[in-house]
Amino acid sequence: MDAKIIGRRRQGKTTLAVWLATILHPHTIAFDPRNEFDQWGFQPVNSATLLEWLMALEAGEQVNPRVAYKPVSFDLEEELNTMVAAIRGSPGPGTSSEWIDLAVIVDEANRVQTANRMSSGLDWLERQAPRDDSLDAALYGKRSDLSVLQTTHRPFDIHVASRAVAGHVFIFQTSDPT
């Protein structure tokens, strides 16, 4: 699933993203630039502990199903790229072509992209999420290996290529004076 969730502050964008991730996948990694995910039981991770979590997951160990990647620098694009590099290096249990059944939430996605520029990590994620999944199929047993859920405030905060491949767009009440 590739979903964009758009709306003003405090309308439930992140709550919807967490709910979708939970019903679609057994494991979730959230990019958490504003420390929003502690309230849902996400385990905070950095680049080193994210790698440990992914390796434990691949080994079949019992892990917290939800982790929140906490950026340590103000360069959020580079932080997202670091998080995605860890995911890219994790084929998941079984053969090297198998993926971990995973949802990736990119909260405040406008911080890592504009209408004309997207971080390389987000670009890679977008190209991995299946385009032909329907929410109904996911709800009733058909799962994709990777879902990407982005939250942001305005539609034009999302890169044009990302908007073009969106499978689902959820729009909360928003205003655009232009």
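**Reading one model, feature by feature**

Trainee: How does W40 count: buried, partly exposed or exposed?

Mentor: Start with the cut-offs: buried is under 20% relative accessible area, exposed is over 50%, and partly exposed is in between (1.4 Å probe, protein chains only). W40 counts as partly exposed because its relative accessibility is 22%. F37 counts as buried, because its value is 0%.

Trainee: What should I know about the model itself?

Mentor: It is predicted: local features need pLDDT of at least 70, side-chain atom pairs count only at pLDDT 80 or more, and totals for chains, interfaces and linings use all residues. Residues are numbered from 1 along each chain as its sequence is written, and side-chain values use heavy atoms, with hydrogens and water left out.

Trainee: How much of the chain is buried?

Mentor: Of its 178 residues, 46% count as buried.

Trainee: How many helices and strands are there?

Mentor: Helices (H or I, at least four residues) and strands (E, at least two) are DSSP runs, numbered from the N terminus. Here there are 6 helices and 7 strands. Along the sequence they run β-α-β-β-α-β-α-β-α-α-β-α-β.

Trainee: What share of the contacts joins residues at least 24 apart?

Mentor: A contact means heavy atoms within 4.5 Å. Take the contacts between residues at least 6 apart in sequence: 77% of them join residues at least 24 apart.

Trainee: How many aromatic pairs does the structure hold?

Mentor: Rings of Phe, Tyr and Trp (its six-membered ring) pair if their centres lie within 6.5 Å; planes under 30 degrees apart are stacked, over 60 edge-to-face, the rest tilted. The structure holds 3 such pairs. F37 and W40 have ring centres 5.8 Å apart and planes at 55°, so this pair is tilted. F37 also pairs with F42: the centres are 5.0 Å apart and the planes at 65°, so that pair is edge-to-face. Both F37 and F42 are buried. Together, F37, W40 and F42 form one aromatic cluster.

Trainee: How many salt bridges does a search of the whole structure find?

Mentor: The test is a side-chain nitrogen of Lys or Arg within 4 Å of a carboxyl oxygen of Asp or Glu. The search finds 9. One of them joins D32 to K70, with the closest N and O atoms 2.7 Å apart. D32 sits in the loop between β2 (27-31) and β3 (43-45), and K70 in the loop between β4 (66-69) and α3, so this bridge ties together parts 38 residues apart in sequence.

Trainee: Are D32 and K70 buried or exposed?

Mentor: D32 counts as buried at 1% relative accessibility. K70 counts as buried too, at 13%.

Trainee: What about a salt bridge within a helix?

Mentor: Start with the geometry. An α-helix has 3.6 residues a turn, so residues three or four places apart point the same way. Now the case: R127 and D123 meet in a salt bridge at 3.0 Å, N to O. They are 4 residues apart in helix α4, which means about one helical turn. R127 is exposed at 57%, while D123 is partly exposed at 26%. Elsewhere, salt bridges that share partners join D2, K4 and E126 into one network. D2 lies in strand β1 and is buried at 1%.

Trainee: Which residues of α4 are buried?

Mentor: In α4 (residues 120-128), they are G121, L122, W124, L125 and E126. These pack against β1 (2-6), α3 (76-88), β5 (102-106), β6 (146-152) and α6 (160-164).

Trainee: Which residues lie nearest the centre of the largest pocket?

Mentor: On a 1 Å grid over the protein atoms alone, a pocket is an open set of points where a 1.4 Å probe fits, with protein on both sides within 12 Å along at least five of seven lines; lining residues have an atom within 4 Å of a point. Here 16 residues line the largest pocket, and R10, K13, T14, R34 and E36 lie nearest its centre. Helix α1 (residues 13-24) gives the largest share of the lining, 3 residues.

Trainee: How do the side chains of R34 and E36 meet?

Mentor: In a salt bridge, at 3.1 Å from N to O. R34 is partly exposed, with a relative accessible area of 34%. E36 is buried, at 19%.
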